[in-house]
Every structure is written in C-alpha cells, then in structure tokens.
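Here are my comments on the model you asked me to look over.

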Amino acid sequence: MCYRQYMKIMAVWGKVLLKNEPDWLLHLRERNNNFYEYHVTLKQPCWIDESQLPKIEQQLSDCLAKFKVLDHSIELNFNKLEVDETDGIILLFARNQQLIASLQKEIVSCLANYGNYVSPESEEYEANFRPHLTLAFDLSPDEVKSVSNLIPNNPVLNGRITQLVLSAVKEINPKEATNPSNFIIYSL
C-alpha cells in the first residue's frame with residue numbers, strides 16, 4: 001500500500017468577491033482557461049496526512065474565532081501590476097493591506113505545524129506575504145507579452161473577502177481545485 005494515497009495538499013485562501021469584473025478581465029480569464037475562483041492564498045499549499053484534516057479544521061476554526069473582523073469583511077484594493085516573463089505569470093497586488101496581512105500571519109502561526117510545502121517557492125511566498133490576484137499563469141514569454149496587452153494601464157480591481165476556504169485535494173488540477181467537496185468554508 002502506498003503512503004501517498006493518504007496524503008493531501010492543504011491550503012487556506014480568502015475568496016475574493018470583486019465589486020466589478022471589467023471586460024478586459026473576463027476576456028483574460030477566458031483566454032487563459034483560468035478556472036480558479038478569485039482568491040488570496042493565506043496558507044500556502046502543504047502536504048498533510050489525510051487523518052490530520054479534522055485537527056486542522058478545528059485549529060483554523062479556533063484561530064478565526066479569536067480574530068475579529070469589523071463587518072465580517074476585508075476590503076481589498078488591487079492596483080499594482082507585476083508582469084514576470086521569466087515565470088510566465090501576471091499578478092495584480094493589493095497595497096497597504098494591514099488587515100489581510102495580520103490575518104495571514106495569524107493563520108500561519110495557528111497552522112505552523114504544517115510546513116511540508118508542495119514547493120520551496122510556496123514557503124517563500126508565505127514568509128514574504130504579498131496579497132494579490134493571479135491574472136494569468138503558466139505562460140510562455142510570448143504569451144506574457146500578448147496577454148499583458150489586454151490589460152489597461154494602471155488597472156484597479158476592488159473586492160472583499162467574507163469567507164475563508166480550507167481546501168484539501170489529492171493533486172492540484174482543475175477537477176480537484178473546483179470541487180466544493182474539497183472545501184471547508186469559514187465566514188469571517
């Protein structure tokens with residue numbers, strides 16, 4: 001029997017509800033088959049044993065019970081575009097977001113025992129948290145140039161987080177990542 005069959009990939013993310021979805025964003029998502037919900041990852045993907053999931057659920061619930069959010073919502077203003085041709089990714093960062101940064105730090109602290117990261121980059125992203133929306137990923141350098149032309153100068157997206165999601169999947173793929181049975185949802 002393979003030990004791997006009992007392993008899952010766990011992550012925690014905030015579901016971002018955009019106040020508006022401009023045409024350029026809808027076109028960009030359609031063109032790049034972006035099936036993920038808009039989100040900000042708070043706890044980067046880590047390997048866990050499936051049997052640890054109930055304990056993680058309880059730890060996260062306890063953590064969120066202590067973290068009070070006014071109006072049960074975190075407002076976000078995404079307004080700093082970064083285009084990385086080398087990594088084939090286009091991101092829109094939120095600036096001056098102390099509340100989401102505090103929440104991320106608290107969640108990471110509560111789940112500190114789960115640090116078997118899926119990739120070394122995940123650990124780095126978690127340590128150097130910069131809230132953002134991923135607009136496009138897995139692009140070739142030519143695709144990055146083409147796709148970035150769809151984005152207006154100085155784009156701004158406003159949204160809010162009212163729910164956090166603990167996801168636990170067997171592998172990172174569209175089927176697993178969009179299956180609600182792999183999610184435990186918490187309200188802020």
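1. Two strands are taken as paired if DSSP finds at least two bridges between them. The model is a predicted one, and the pairings below should be read with that in mind.

2. The chain contains six helices and seven strands, and from the N terminus on these elements follow the order β-α-β-α-β-β-α-α-β-α-β-α-β.

3. Strand β6, residues 157–169, is mostly covered, with 10 of its 13 residues buried. Which strand is joined to β6 by 10 bridges? That is β1, residues 7–18, which runs antiparallel to β6, and within this pairing I9 has V169 of β6 as its bridge partner.

4. Strand β3, residues 74–84, also pairs with β6 in the antiparallel sense, here over five bridges, and F78 has L157 of β6 as its bridge partner. Strand β7, residues 183–187, is likewise antiparallel to β6 and is joined to it by five bridges, with L164 standing opposite Y186 of β7.

5. For the chain as a whole, the radius of gyration is 17 Å, which agrees with the value near 16 Å that a compact globule would have with 188 residues. The C-alpha trace spans about 45 × 45 × 30 Å along its principal axes, and 44% of the 188 residues count as buried.

6. Among contacts in the chain with a separation of 6 or more, 82% are between residues 24 or more positions apart.

7. The chain exposes about 10,500 Å², of which carbon and sulfur atoms supply 47%. There are 18 positive and 24 negative side chains, and the centres of these two sets lie 5 Å apart.

Key. Residues are numbered from 1 along each chain as its sequence is written. This is a predicted model: local features need pLDDT of at least 70, side-chain atom pairs count only at pLDDT 80 or more; totals for chains, interfaces and linings use all residues. Side-chain values use heavy atoms; hydrogens and water are left out. Helices (H or I, at least four residues) and strands (E, at least two) are DSSP runs, numbered from the N terminus. The radius of gyration is taken over C-alpha atoms; the globule rule is 2.2 Å times the number of residues to the power 0.38. Buried means under 20% relative accessible area, exposed over 50%, partly exposed in between (1.4 Å probe, protein chains only). Contact means heavy atoms within 4.5 Å. Accessible areas come from the Shrake-Rupley method with a 1.4 Å probe; for residues, only the protein chains shown count as cover. Lys and Arg count as positive and Asp and Glu as negative; His and the chain ends are not counted. The place of a charge is taken as NZ of Lys, CZ of Arg, CG of Asp or CD of Glu.
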